[in-house]
Amino acid sequence: MSIAEKFVSMEYGPAPEDPKEAISWLERQHRRFDLFIGGVWKAPERGEYFDTFDPSNGEKLADVAQGSAGDIDAAVKAARAASDKWRSLTPHARARYLYALARLVQKHSRLLAVLETMDNGKPIRESRDIDIPLVARHFYYHAGWAQILPQEFPEHEPCGVVGQIIPWNFPLLMLAWKIAPALATGNTVVLKPAEFTPLTALLFAELCQEAGLPAGVVNIVTGDGSTGEALVKHPDIDKIAFTGSTEVGRAIRGATAASHKRLSLELGGKSPFIIFEDADLDSAVEGLVDGIWFNQGQVCCAGSRLLMQESIAEPLISKIRDRMSTLRIGAPLDKAIDIGAIVARVQLDRIQHMVEQGVAEGASCWQPNVALPARGLYFPPTLLSNVHPTSIVAQQEIFGPVLAAMTFRTPREAVELANNTVYGLASCVWSENVNVALHVAAQLKAGVVWVNCTNLFDAACGFGGYRESGYGREGGREGLLEYMEPKWLKHAPKLLVAKTEAVDESEHLAEARTPSVDRTVKLYIGGKQARPDSGYSFPVRAADGSLLGEAPLGNRKDIRNAVEAARKAEGWGKTTAHNRAQVLYYCAENLSLRRSETIHRLAAVVGEEQATREIDLGIERIFSYAAWADKFDGAVHNPPFRNIAIAMNEPIGTVGVICPSEVPLLGFLSLVMPLLAMGNAVVAVPSEKYPLITGDIYQIFDTSDLPGGAVNIVTGYVSQLLKTLAEHDDIDGIWVYGDDATVASAKAMSIGNLKQVWTNEGKTIDWFNPKVAEGRWFLEHATQVKNIWVPYGE
Ligand code: NAI
């Protein structure tokens, strides 16, 4: 083509990035990679290797070691051996290592970018301008945290040895998101890269050597899902951090249930991209290009569901089609390419299959008339319109360059459609009206909301999901907390629970007829006293074994009713923090009015001294959380773009609570009050030993203006009620105080909707010590951070 012709057509010429350096790096290793364990390269125990390919042309890049359970064991031992020394380094020394890693990433940035593109198929423009700079930024940011950690978190210590499993869509960036905070907080690491994209992690291992990182602090074990499984199951791992599919996330939750491994999960998404009629449509369409065609749509937070206000649907679709026709698809090493290759054949087939299913369910499919390269794995940008909100392509993650479009009429309908998913990772709102945009942002159930922008990330802004998109955050202050725990917790004694066996119901009936009974209580559901569905009660005994009274024997149905009532009361989370504080103060006031009678009743079970302490400290605890209600504020981040990111502490939603048995009143208040203060609705199972405390508690709530349903109380046996609570899909989180077995079963039963589970890990919490039983640690678990990004400037 002549220059004159080019001037007319404005056609791009090829601008290939030179892969020479990356190829010579591969050649230097003889295109064969071992495992990085204890600071050295080790051949895999079983001598097995797998191939990694360039998906843009199908060429094999290298043989990579298939790590076995034995290799994982060696890596965990190396990480354990390095742990004490690494955690006791001075903060400054740790900061220097992280700083060195950041510098080395920058120094080798082009090699890393090219290698990433070759192994993954993503356009070099993205790996060069987005992935690798963010990797460096992550190490810099966390070098900073390492330096100031003891000042900011004096009461915390590292988890210990951390197992990390990452996916193939952002191989090095996900490594950085995992390794940087883990090292900054003093943990050592065993990381398993994804089998399709192991190469940049192996190059990173070299950078660790170059930085002089002590042996064993970072270990890289390549392999497939079975290697990941061995890591998850290893008994000497203290925490697992996983990014990948929701399905594997569930399997990991199940596999770690019986252990005390901490767990953070960053899973799938089906993120809405909402465009209002007053949006700047051209900007919104550009946003959409970054929202769904970035990285071929293989992005957990891809804006894959387009929700358009009906009035603009037609012109918008036409603009989108025009823009799609200009997207350039082809060899990802070409610097002028927008859409590169799909990572692997299996993923390409999955995308194709889902699009076919969508069309079979009534969607119309439009693709621009673009020629795909003859070799390699490519899928054209695809628009599915007339998609029904229940269609598979509107509900399930496609993880490809496929946009599913729907319309809405009002902001309210937009919010309903947006939240009509099991996921909750990210969302976009486009409107020139900041009031509408922020009002909608506040109602979206998602960890990130981008207003008039999309797919922006920064190390200072936590990233992570609501609902089945997982729990825990990566980045920001909140991300650090995933890698630390309170110092006292590790050394806390095991909780020994005197088992209350559920007894035959007919026996209860017989006992309940005993004339000495002087007190009965009811369940408390939706702000009203309620009889149990079973029609049975169970006996409550004093310390001397005499019968004190009877408590209703709650069952599945009562829990379900309580959950329904709690759901209806979620407006509690929307009241002002000031209002919640007032209600809590009022609760404290009402408890103090009933002080002597409550002491008198409680004393029969726990003795006069404990009863007095429980009530006096209980009043104080309520005061504490009334104080916190309007002070546990979020943050405003200033990421390095023209944006502010507003980090809001939002309630989790409806939370189930299994209360301590031995400290009936103070235990209940210590768990329920922080949840209430942060705006959650609660379904609580009170002390099994002294459930009659329910009567005292609901009298307090009834007289304190707490809206009905904000707290619901179902008495009964934990062994019978926990299952319904943990399995219930309308419960967003569950707090369980119990022994090892109870805690393990709560975790195992929570996998259905992947609700957040927070437990005492079978340890004793000294409820009488405010330093451990009160404050930020509880509030952090009672909230989840939502980051709302808002751009400024024209
Ligand atoms: P995957 O969840 O199977 O793989 C992610 C990582 O987990 C890989 O390192 C893999 O080796 C490892 N893994 C697999 N099974 C494991 C197990 N039982 N225990 C421990 N680790 C295990 O994802 P996959 O198969 O690569 O992709 C399937 C679908 O998952 C995609 O189509 C996409 O929808 C979704 N996905 C979502 C990601 C996200 O960031 N949310 C990332 C990757 C995939």
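Here are some notes on a predicted model, covering a sheet, a helix on that sheet, one aspartate and the ligand site.

1. Start with the sheet. It is open and has ten strands with mixed pairing, in the order β14-β15-β16-β13-β12-β17-β18-β32-β26-β25. At the edges sit β14 (364–366) and β25, each of which pairs on one side only. From one strand to the next, the twist averages 20°.

2. Now look at the β25 end. Strand β25 (residues 635–637) runs antiparallel to β26 (residues 643–651), and three bridges join the two. The link between β25 and β26 is a hairpin of five residues.

3. On its other pairing, β26 meets β32 (residues 783–791), again antiparallel, with nine bridges.

4. For a parallel pair, go to β12 (residues 272–275) and β17 (residues 426–430), which are joined by three bridges. Ile275 stands opposite Trp430 of β17. Helix α16 (residues 434–443) packs on the sheet, where it touches β12, β17, β18 (448–451), β26 and β32. The direction of α16 makes about 160° with that of β32.

5. Leaving aside residues up to four places away in sequence, Asp63 touches Arg31, Arg32, Phe33, Tyr49, Phe50 and Asp51.

6. Next, the ligand. What surrounds it? The count is 26 residues, and the closest are Ile166, Trp168, Glu195, Ser245 and Arg350. Sorted by class, the shell has twelve nonpolar, eight polar and six charged residues. Helices and strands that each supply at least two shell residues are α9 (225–233), β10 (239–243), α10 (246–256) and α13 (345–360). The largest share, three residues, comes from α9.

7. A polar backbone atom of Gly225 is 3.5 Å from an oxygen atom of the ligand. Leu267 has a backbone N or O atom 3.0 Å from a nitrogen atom of the ligand. As for cover, the ligand on its own has 800 Å² of accessible area, and the protein covers 87% of that.

Technical notes
Residues are numbered from 1 along each chain as its sequence is written. This is a predicted model: local features need pLDDT of at least 70, side-chain atom pairs count only at pLDDT 80 or more; totals for chains, interfaces and linings use all residues. Side-chain values use heavy atoms; hydrogens and water are left out. Two strands pair if DSSP finds at least two bridges between them. Helices (H or I, at least four residues) and strands (E, at least two) are DSSP runs, numbered from the N terminus. Axes are lines fitted to C-alpha atoms, for helices over the stretch in contact, and angles run from 0 to 180 degrees between N-to-C directions. Contact means heavy atoms within 4.5 Å. A residue is near a molecule or strand if one of its heavy atoms lies within 4 Å of it. A polar contact is a pair of N or O atoms within 3.5 Å; within protein, one must be able to donate a hydrogen and the other to accept it, and residues adjacent in sequence count only if both atoms are side-chain atoms. Accessible areas come from the Shrake-Rupley method with a 1.4 Å probe; for residues, only the protein chains shown count as cover. Ala, Val, Leu, Ile, Met, Phe, Trp, Tyr, Cys and Pro count as nonpolar, Asp, Glu, Lys and Arg as charged, and the others, Gly among them, as polar.
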